[in-house]
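Please look over the structure below before reading on. The briefing that follows takes up its domains, its confidence and its chain contact in turn.

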Amino acid sequence: MVEATPSGAGPAPIRGEGTVVSNRVEAGANHRLLLRIPGWPGFAPGQFAMLSPGARGAVPRSDPLLPRPMAVYRQHPANGAPQVEILYKRVGRGTGLLAEASPGQRVGVVGPLGRPFAAPEPGERALLVAGGTGIASVYELARRLAGRARVLLGARGVDDLMGLDDFAALGAELRIATEDGSRGFAGRVTALLEEALAEPGPARVFACGPTAMLRRCAELARARGTPCVAALENHMACGFGVCLGCAAPLRAGGFALVCCEGPVFDAERIAWERLP
Amino acid sequence: MSPVDTTVELGGLRLRNPVLTASGTFGYGSEFAPFLDLRRLGGFVAKSLTLEPRVGNPPPRIAEAPSGMLNAISLENVGVEAFVSEKLPALPEGVTIVGSVFETEIDRYAEVCKRLTGVPRVAALEINASCPHVESGGIEFGQDPRVLAQLVRAVRCATSLPLWIKLSPNVTSVAEMARVCEGEGADAVSLINSVQALEVDVETRRPVLANGLGGLSGPAIRPIALRMVWQAHRAVSIPVCGMGGIETPEDAVKFLLCGASAVQVGTSNYLDPAVSGRVAEGLEAWAERHGVARLADLVGALEPW
């Protein structure tokens, strides 16, 4: 059965404490974290959570100070508290700390946050394009759309393709691009998008990945007159609209907060050339 | 009922407890509704308001620093009119709301103060004196005692509300600045604002922030803040509201001991949107454990060696 796809917003967020169920290297620098989070209210595709490894309380961790925004990959019904899965890449001190969290340890959680992906219109082909860590942001959308979606995943090499087996198990049409040619098409995932856009019929692009990739997706979609939405991955301190650190520049002037007006935006709204 | 009297007097206001949240870290309050009952707090200081809506700096606007963060948002806000008509009505009754005012010229500061005076539910005004003053060549209002005196005089004339002046730490003598505020009729001083700072990306050889300079906040600045609160407390007889890197009830106790009558929780709100409520309740529990009957008794009770 196909679940209802989301429209406006996801569930109201909680400030909770997750307990690490498992936390493993998936491949290369990519990790897979499973958290048991009492009170977790569920989430909608494209939403994220702020994760803060280490107990906060009497003796808070102050370095590194800030929590890290992470896409919610998927959740599992479990006996007792819901379990939430996060795929992340170890890149710096924050994700390094997360990578060192062992089963039983606590992780502060604020989420789910942000406005989710809206469902495609009836009759539209859903083209999901994701690169690098952006892959984690589109899994739930791919799962809910199942056979209606074509999923295009790109990364530097096969080890960077997080969640690949999960995507393959969905039954969606799946195409892969790696820059080093270690899996699928040798080149950028945007080349696969260009091919897909050339096919006849209405379509809608759902993208998440590095800025350069998103910008190219927006250009390709615009050239075809195809709607394109993009989930941004800006740095942020809070995730719920008060630090104002995650501002994305808009073509119309001014800024939009990625945390609460996004992370999913109509790609036409974003001034890509001014997004760091 | 707790045996501890948590109420404090701060610059013309009686607060149910001495824990507020700091301007710029707490939005307009309603952002915290999913996480925290604002009535657990002594009050909150809303995001600084300008006469007109203000758009902030280009990104990157924030960056992490050791035990802290840098920001250069440039006081993006909805403007005083939208605050009054849209933001205030969204807040529950029973919350003590302090308006924060920020402008680029003295008469505009005074105008924002006038617009907020008489607005139901605005209990006090805090003047953010850390804005660069164009007429003084970009130096902050709060960095020149003569300019600060002019500013405080003007806003004092513009409002009958309790008036708090938020001081910059980027000065040689915070005691002198506090005395200027007291002399011009301020009801309290709040300190410290963020510490001017610079961080560099060695790969790009650029500052980490698009603005270049930013304000450092978080636990990294807590000992600086404690020092300045203590100096200000010794210099003036008006109350001091202390802030800078508060994360725990014990941090709040330190500020009270150094002379703060109340405290503001700032950057920690980003990490944990419920932290201010825990600081407020933890402070009460701390006092009970330590046989302190009134939190006000801790104010300035720092013991010498």
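Into which domains is chain A divided? Chain A has domain 1 (14–113) and domain 2 (125–274), with bounds that come from an automatic or database domain assignment. This is a predicted model, in which local features need pLDDT of at least 70 and side-chain atom pairs count only at pLDDT 80 or more, while totals for chains, interfaces and linings use all residues. Residues are numbered from 1 along each chain as its sequence is written, and chains are lettered from A and ligands numbered from 1 in the order in which they are written.

**Between the domains of chain A**
- Taken over C-alpha atoms, the centres of domain 1 and domain 2 of chain A are separated by 22 Å.
- In contact (C-beta atoms, placed from the backbone, within 7 Å) are 18 residues of domain 1 of chain A and 20 residues of domain 2 of chain A.
- On the side of domain 1 of chain A that touches domain 2 of chain A, strand E6 of chain A gives the most, with three residues; strands (E, at least two residues) are DSSP runs, numbered from the N terminus.

**Confidence**
- The pLDDT, the predictor's confidence in each residue from 0 to 100, averages 92 over chain A, and 95% of the residues score at least 70.
- Residues 1–7 of chain A have a pLDDT below 50, and this stretch has eleven contacts in the model beyond near neighbours in sequence.

**Between the chains**
- The contact is made by 30 residues from chain A and 31 residues from chain B.

Technical notes. Contact = placed C-beta atoms within 7 Å. Helix = DSSP H or I, 4+ residues; strand = E, 2+ residues; numbered from the N terminus.
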